[in-house]
Amino acid sequence: HEKRSGAMAIYATGVVLGGGFGTMFGGTLAHLFGWRIALMAVGIPGLLLALIVWLFVVEPRRGLSEPARAAAQRQPPLIDGFRSLFANPVALHLVMGVTVTSFVGYALASFLPSFMQRSYGVTLLTVALVLAPLVAIVGTVSGIFSGRIADRLAKARGLYAQPWLIVVTKSIAFPCAVVFYLASDFATGITFSLLVYLFSSSYLGPTFALIQGQAPVQMRALWAAITLLIINFFGYGFGPSLTGFLSDLYRPTFGEESLRYAMLTVECVTPWAIFHYWRAGVLLKRQTAKG
């Protein structure tokens, strides 16, 4: 468990790399052939990968690194997973923090190309071939190094330092995001967008590692599944939708800049996520003191 955050951070880089390279590939195809062809082309590799996994990947044996009694227990029901997770205050604050963060992040990722085109006057091809690779590189570096830093902090100070590390990085990223949304030129915009990704991509590895550390052994997979369910339902389900709704709502006032202020409005939810990570750190510190 001493290296869990670093390991989870490496796993989480798939999100950043997938988004970055998906934008590169899909954006280039959309520029050349239109968005319908781009969507189909981006979706096909996922179907092929699912088929390959289904046909050739063997399910590994479970419980080899856990006590025999825990490994022998059957998978608990889904409702028990929800009950146990919501009954754990640390885990609940972590899930709330990562959900609110994903709510903001999905809104940014979904509308970033449109925002760059409308407000900065760049082409879709520029977004695909310039911004997307930079975002992928910066986000990956941020994720990997933040995971290692989180492991070292936990060893030196205790697990409570990990959510507080996220508090610090998100507190730096938030004003950078505000500048990004209000900037008037492409150079300033792209600079602060990269700073946003540098500091805001640090949360996934430590968050999932901490949640796994709080979960009972027989419920770790279930807690991970529930966390992803909540993140995608609320984050991906409502983040982009609310942004689009606000953009339409603001259009009579701001015209072509309505998306800029819609995304800025959604970004202002970030302090809510910071609070949950701060609170999780407080509760973990109390656990450490009692232990």
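Modeller: Thr 270 is buried, at 5% relative accessible area; buried means under 20%, exposed over 50%, partly exposed in between (1.4 Å probe, protein chains only). This is a predicted model, where local features need pLDDT of at least 70, side-chain atom pairs count only at pLDDT 80 or more, and totals for chains, interfaces and linings use all residues. Residues are numbered from 1 along each chain as its sequence is written, and side-chain values use heavy atoms, without hydrogens and water.

Colleague: Which residues is Thr 270 in contact with, leaving aside neighbours within four places in sequence?

Modeller: Contact means heavy atoms within 4.5 Å. Leaving aside neighbours within four places in sequence, the partners of Thr 270 are Val 104, Lys 170 and Phe 174.

Colleague: Is Gly 239 buried or exposed?

Modeller: Gly 239 sits in helix 10 (residues 220-254); helices are DSSP runs of H or I, at least four residues, numbered from the N terminus. Its relative accessibility is 0%, so Gly 239 counts as buried.

Colleague: What separates the C-alpha atoms of Gly 239 and Met 263?

Modeller: Along the chain, these two residues are 24 residues apart. Between the C-alpha atoms of Gly 239 and Met 263, the separation is 9.7 Å.

Colleague: Why does Val 53 count as partly exposed?

Modeller: Val 53 lies in helix 2 (residues 35-56). Val 53 counts as partly exposed because its relative accessibility is 40%.

Technical notes. Helices (H or I, at least four residues) and strands (E, at least two) are DSSP runs, numbered from the N terminus.
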